[in-house]
Amino acid sequence: MIDQVRYYFEALPLHPQPEKLESLTSYLTRLAEANGIQTSSAFAHICFPEYNIEAIHSLNDFPLYSLMNLQAAACCSEAVVQATTFYHLGRKFGRVYDSRACYHFLRNSIAPFFRYCPLCIKERGYYSLLWRFLFVKGCSDHACNLLDTCGHCGEKILIFTSPLQFGLCPSCGRNLGLCRIQPLIEAEEDTLSYSQDLLFLLSPQPWESMTSTLAQHVGEQFALLRQSKELTVQEMAERAGLPPRKIKGVEFDIIDTYTTPFQSYLQCAKYLGVSLHNIFDAVLERRRFHGLPQTDQIQRSENESITKMQKAIKILIECKMPITKNAVCRIAQLSNAELLQSPSLGIQLQQLVLAGRAEQRQQVILEKNAIQDKVSEMIKQLEHSGKPVTYQSISTLISVASVSSSENWQMIRFINQYISQYLYDQHNIVQEEDRLVVRTEIAINQLKELGAVLTRRAIAAIVGRYQEDLQQYPFIEVLWKDFPET
Ligand SMILES: [Zn+2]
Ligand SMILES: [Zn+2]
């Protein structure tokens, strides 16, 4: 496939490869410069023809979802390009199922402008992904603060902007590698541990494909740690200065867990005195010893979820209840999180719901036909034996057990329409009002017969008209004047 792509798209003459933990915007700047391309719009034309120019200007190291042209231009694999973004961090927490998920997860943790270590720029010649994280205050290699403006002119620096020149301030054009450094005094340890943790989180790991269960087990691990300190969520919330909701989100204990930001995970880990690397190690350890699902079991668990959904739809069809996604998930005991994690499961659910509704409609038609056959059979019998055809004689012959569900009302309405049609024909009734009067009388008597509460709403439901429609007719007003509205 890649070879075909290379054949169709143009490769740039020079293609340096990304360095370990180099940011995408750093790599793109170097790639452009190596090939003598100065402006971001010219560069975008070659590497991102499918993106609009605003999207190119706001390139900010989040995962990209269309990479074919860039891969071809840079002779670089998709995996190598994604490793220059926050992709692997997002993936470990199950936040790459759509293009916004990773952005929402990280946006409060990522600096909107460029931050840098002048010594790294001078010595290494690339920008690090770690510099993008606001909680990383300094460079752990050089023990200096990260700068967030140009050390020469004091301007803020955009993440990806023309002219595309590595290591130069786009405002004053001077060398950022020569800016004066400030030694890191505060939180040196913090910087070191955050950098270590990010190094792990941003690097690919073979077990990351367990996306549908990993985030959940990470949440469980946080809950276990809290419990081992004999703390309730409330107590931890007070001591850590965090809203309880955030802790519950991290522990996978609330329905919108997937709105919990990365920051909350960091804050919880910091309070509990562990790194996120420790948390993932513990999850993998538990998986080895206690049989938490392995990668190959995910497909199996997805199949189990589908079986559960199919059973739920069967129940809804049998109980004549409306088939909605919520109803199916409730009966199948599927969480929102499971669906969000697996887009294919969501598609399956949609298809099963549509098929279930079609089956339900088909069943109603069959039932209606069966009742119609029965009613016409009864009418024939009554006529044959010289007995009058009335709603009572018919509806007692056809058992209509209960009027509690709306589905049953539909059936009663259908029987009545059939009987009333017979009565209209008998009495040559053609006026709409007369027809409705007959049907209202049938409904009233039917409700009495069933021992149901006589209300205008129930009568209107059986007639199949709105209450307001029926009360326009004076004869109907007379018929139901003694009954309450609901
Ligand atoms: Zn440095
Ligand atoms: Zn400057």
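Colleague: What kind of crossing does α22 make with α23?

Modeller: In this predicted model, α22 passes α23 in a right-handed crossing. Helix α22 covers residues 432-450 and helix α23 covers residues 456-463.

Colleague: Which residues of α22 and α23 meet?

Modeller: From α22 they are Leu436, Arg439, Thr440, Ala443, Ile444, Gln446 and Leu447; from α23 they are Ala458, Ile459, Ile462 and Val463. Sorted by class, this contact has eight nonpolar, two polar and one charged residues. Arg counts as charged, so Arg439 of α22 is the charged residue there.

Colleague: What makes α23 mostly covered?

Modeller: Six of the eight residues in α23 are buried. They are Ala458, Ile459, Ala460, Ala461, Ile462 and Val463. To be buried, a residue must have 20 or more other C-beta atoms within 10 Å of its own. Across the protein chain of 486 residues, 32% count as buried.

Colleague: What follows α23?

Modeller: Gly464 follows α23, and its phi is positive, near 85°.

Colleague: Why does Thr307 count as exposed?

Modeller: Thr307 has 11 C-beta neighbours inside 10 Å. The cut-off for exposed is 12 or fewer, so Thr307 counts as exposed. Thr307 lies in helix α16, residues 295-318. Its C-alpha is 8.9 Å from that of Ala332, which is 25 residues away in sequence.

Colleague: How many helices and strands does the protein chain have?

Modeller: There are 25 helices and two strands. Of the contacts between residues at least 6 apart in sequence, 63% join residues at least 24 apart.

Colleague: Where does pLDDT stay under 50?

Modeller: One such stretch is residues 1-8, for which the model has five contacts beyond four places in sequence. Another is residues 401-405, with seven such contacts. Where pLDDT is low, the predicted coordinates should not be read in detail. For the protein chain, pLDDT averages 83, and 88% of the residues score at least 70.

Definitions and conventions. Residues are numbered from 1 along each chain as its sequence is written. Chains are lettered from A and ligands numbered from 1 in the order in which they are written. This is a predicted model: local features need pLDDT of at least 70, side-chain atom pairs count only at pLDDT 80 or more; totals for chains, interfaces and linings use all residues. Axes are lines fitted to C-alpha atoms, for helices over the stretch in contact, and angles run from 0 to 180 degrees between N-to-C directions. Helices (H or I, at least four residues) and strands (E, at least two) are DSSP runs, numbered from the N terminus. A crossing is left-handed if the near helix is turned anticlockwise from the far one by less than a right angle, and right-handed if clockwise. Two residues are in contact if their C-beta atoms, placed from the backbone, lie within 7 Å. pLDDT is the predictor's confidence in each residue, from 0 to 100.
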